Amino acid sequence: MSPSVPLQEMIRAIRSARTQCEERGVIQRECAAIRAQFRQADNGGRSHNLAKLLYVHMLGYPAHFGQMECVRMIASPRYSEKRVGYLGAMMLLDEKQDASLLITNSIKNDLSNSNQYIQSLALCTLACMGSAEMCRDLAPEIDRLLRASNSYIKKKAALCAVHIVRKVHDLGELFTKAARSLLTEKNHGVVHGAVVLITELCERNSETLERFRKTVPDLVQIMKGLVISGYSPDHDVAGISDPFLQVRILRLLRILGRNNEAASDAMNDLLAQVATNTDSTKTVGNAVLYETVLTVLDIKSESGLRVLAVNILGRFLLNNDRNIRYIAMTSLQKIVGTDHNAVQRHRGTIVDCLKDQDASVKRRALELSLALVSASNIRSMMKELLSFLSSCPPELRSQTASGIFNAAERYAPSQRWHIDTILHVLTTAGGDVRDETVPNLIQLITNTSELHCYTVHKLYRALLSDISQQPLVQVACWCIGEYGDLLLRGECQETEPVQVTEDDVLDVLETVLQSHMSSPSTRGFALTATMKLSTRITENVDRIRSIVSIYGSCIDVELQQRAVEYNALFKKYDHMRAAVLERMPVIEKNSQGHTNGETIKESQTVKVKPGEPQQPANQVCDLLDLLGGSEQPLQPSPALGSTAPPIPVSTPNTVGGDLLDLLGGLEPTPITPVATVTVYEKDGVTVTLSCEKQSDSGLTVTLTASNSTESDIRGFTLQAAVPKSVQLHMKAPSGDSLPARGAAKVTQMVVLNNPNKVNLKMRLRISYTSQGSAVQDTVQIDSFPGLGQ
C-alpha cells in the first residue's frame, strides 16, 4: 500500500484484511509511512496523515507518536489544519501528559481570534481535556467570551465554564454574574448552557445557591414560555418544545427549591401546569414528566401536588416500556416512607409487576411490595408474596423469604398465622432462608404454648412429605423431641386428629438420620429429638438406646460426641435422665426484639461438650456441672445456634455424680467475658471485633458486621491480611447479605497462630454492594482487645 493513499483507501484495506495478523501488518506499514512523513520539514499532507493516525487510534493501536504533530498543527494559521490538530489533541492528549501544556498558549491565542469557528475549536478542546493549570490560566478568557455578542460563542463558553468549575471549584465565583445574565438570552442553546452552569455552581457552593434562589421567577417564566409556546420547528421534538431545556430547568428548580419554602411556593403552580399539560403518550413527554415528579417530591411542595406526582408514577407503571416501569418503582421506593398512603393506591399495579419477565423490574417490584406491607393489608399482601415465592427466580428467593419473615414479625394478626406463614416459606424455599430462621422459629413456637399441639402435628405431616428442606426438618425434629407426647396423644383441636404411634415417630427420625440429604446439623437435631423421646414414650426406649449407641462411633465428631454423652445418660445417670431431658422452658426475647435476622438470647439451654462448659449464671447450670457437683458459677452462652438443639436443664447442681469422669477427668473452668471493639463504622455498615485466646500462640478472632441503613446490602465479604510470620485461617462466614435496619448480622471467624510472638496486626478489606453500587474499603487493626497490645 502506497504511503500517499487517502484515508478511505486505508480503511478499505484494513477492513479487507482476513486475519488479525494481516490487519496488524497493514497498520504497521501505514504507521511507518506516517511517522516518516511527520519527520519531513515541509509536509503538505499533515492533516491527511494525522486523520489516518486518529483512525488507527480508534482501532486501539498505539498512536502516541502523533502528539507533537497535534501541537504543531494547532499552532498552524490554517483552519483545516487547526481542526484536525484540535481533534487529535482531544483524542491523543489528556491532562496527565506534559504535551498538553504546550497547547495552552495556542488555545489562548485562538480564543481571541476573530473567526468564531476557530474560537469554537479552542473552547471545545479546553472543555474536553483542560487540566487544572490550563483552567486557571484561561478562566479570564472564558469569562470574557461569556459576555460576547455572538450567541454561538456564548453557548460554547458556558459549557467550557462548566468544565472549569468542575476542575477548579474556586473559580466558580468568577462566572456567577455572567451566568445570571445569560438567562435573559433568547437563544435556547445559550439558555441551556447557562442553566447547566448555574446548576454546577449551586451544587458546589451553598452561598451561590442562596444567591441564585432569586432567579426562580425568571426560570419559571422561561419554563412557562416553553410549555405554552406553539409549534417551533427549530426546537420541537415529538410535539414537545425543547424537552432538553425543560429537563435542565426542572433539575435546577429542584436544587433551588430543596429545603426552601419560598422558592418551592414560587414554582408550585408551574409544576402543576407541566404535570397536567405534558403529553405522556411519547417518551419525550415521559422524560419531562419524570423530572417534574422528581422535582415535586424533592421540594417542599403542596400535598395535592405530591399526590399528583405519585399518580403520574402510577401511570408509568402501566406503560409498556420496562425502563419507564423500572424508574417509576425506583422513585416510589424512595417516597414510600413519607407518602405511604398515596403509594398504597397503586398497590395492585405494583404487585402485578412481580409477574414481569424482566429481572430488574421484578426485583424492584419485590422491594416496593415488601415496603407496602402494613397491618391493614398483611393477609392480602402475604398471599401475593407467598405466591411469588413459589415461582420467583432462585436469586430472589432469599430476599423474598427475608422480607416475608420481617413483615410477619411486625404485622402478624395472630400467632398461628405467624407460624403458618413461616412454615409455608420453609416448605417452599427452605434452602434459601438465613441461618437465624431456625432458632427464631423455635423461640416463637416455645412462646406460644397453646399452639404446641397444632404445630407439632403440622410439622410431623410436613416431615412425612418432604425431608429435603433442611431448616424445616430441623424445626420439625426439635418440636417432635420437645412435644412428642402431644403428637402421640392425637388430641389436637386445631387440626384433624391423626393417630401416630411411637414406631411411626421413631421411623421418621431414623429416616432423617440416615438420609443422604441431611446435613450434620440436621442429624444433630434428629439425634437429640430421639434422645428426648426416651422420656416421652414408654414402649420403645430400648430402640432409642440402640439408635443412640450406633452413632457413638459416627465419623462426624459432633454427632459422635453427643451420642457418647447420651449413652452415658442411659447408663450411669439413668436416674437423672427424665430431669435432664424435660421440656424446654420459655425462651425470653432479647433486648432488640425478635426478628428473622437476630440471634436468640437463650439463658436456660446448653449443649453438652466436654472441656467447653456453657451455662447461664445464677439459676441454671451447665449439664456437666449439674452432674458433677461443681460449685463454680459460670457465664451464660447461647446454644440454639449450634448444630443441634441443646438439652434443657432445670434441676439444681447439687444432684448426681461427675459425668466428666467418663470423659477423661476434665475440669470445668470459668469463661472470661470477651471484649468487643468497633473496628469499622462507615455509611451505616459497622464491623466489630472480639478475641478469644485459645493457647499461648493461638487466637480466635470473631468479626461481626451489621447494617443500619434503610436498604439491604448484598455480596458482603471480608478479607484479612496479617504479617508473614502469622498463620491465618478464615472460616466460612455466616452469610453474605446484611438486611436493612440491623435485621441480621454476618459473623466471620478468623483463627490466628502467632508462634514467633510478633506484634499482631491485621488489615481488613470490606466489600459489598449497596443500592447497585459496589463499595470497597480497607481498615487497619493495630490492637486486639484482651491481648494487652
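**View 1. Arg166 and Glu200 meet in a salt bridge in this predicted model.** The N to O distance between their side chains is 3.2 Å. Arg166 sits in helix H9 and Glu200 in helix H11, so the pair links distant parts of the chain, 34 residues apart. Arg166 is partly exposed, at 47% relative accessibility. Glu200 is buried, at 6%.

**View 2. Helix H10 and its cover.** Helix H10 spans residues 172-182. Its buried residues include Gly172, Phe175, Ala179 and Leu182. Among the elements that cover them are helices H8 (132-146), H9 (151-167), H11 (188-204) and H12 (206-212).

**View 3. Arg213 pairs with Glu210 in a salt bridge.** N and O lie 2.4 Å apart. Arg213 is buried, with 13% relative accessibility. Glu210 is partly exposed, at 45%.

**View 4. A salt-bridge network links Asp503, Asp507, Glu510 and Arg543.** Within this group, the closest N and O atoms of Asp507 and Arg543 are 2.4 Å apart. Asp507 belongs to helix H28 (residues 502-514) and Arg543 to helix H30 (residues 541-550), so their bridge ties together parts 36 residues apart in sequence. Asp507 is partly exposed at 36% relative accessibility. Arg543 is also partly exposed, at 23%.

**View 5. Strand S11 pairs with S8 and with S12.** S11 (residues 762-770) runs antiparallel to S8 (residues 713-721), joined by seven bridges. Ala720 stands opposite Leu764 of S11. Nine bridges connect S11 to S12 (residues 773-781), again in the antiparallel sense. Met762 has Ile781 of S12 as its bridge partner. Two residues separate the strands of the S11 and S12 hairpin, where Gln771 takes a positive phi near 55°.

Technical notes. Residues numbered from 1 in each chain as written. Predicted model: local features only at pLDDT ≥ 70, side-chain atom pairs only at ≥ 80, totals over all residues. Heavy atoms only, no water. Pairing = 2+ DSSP bridges. Helix = DSSP H or I, 4+ residues; strand = E, 2+ residues; numbered from the N terminus. Buried < 20%, exposed > 50% of the residue type's maximum accessible area, 1.4 Å probe, protein only. Contact = heavy atoms within 4.5 Å. Salt bridge = Lys/Arg side-chain N within 4 Å of Asp/Glu carboxyl O.
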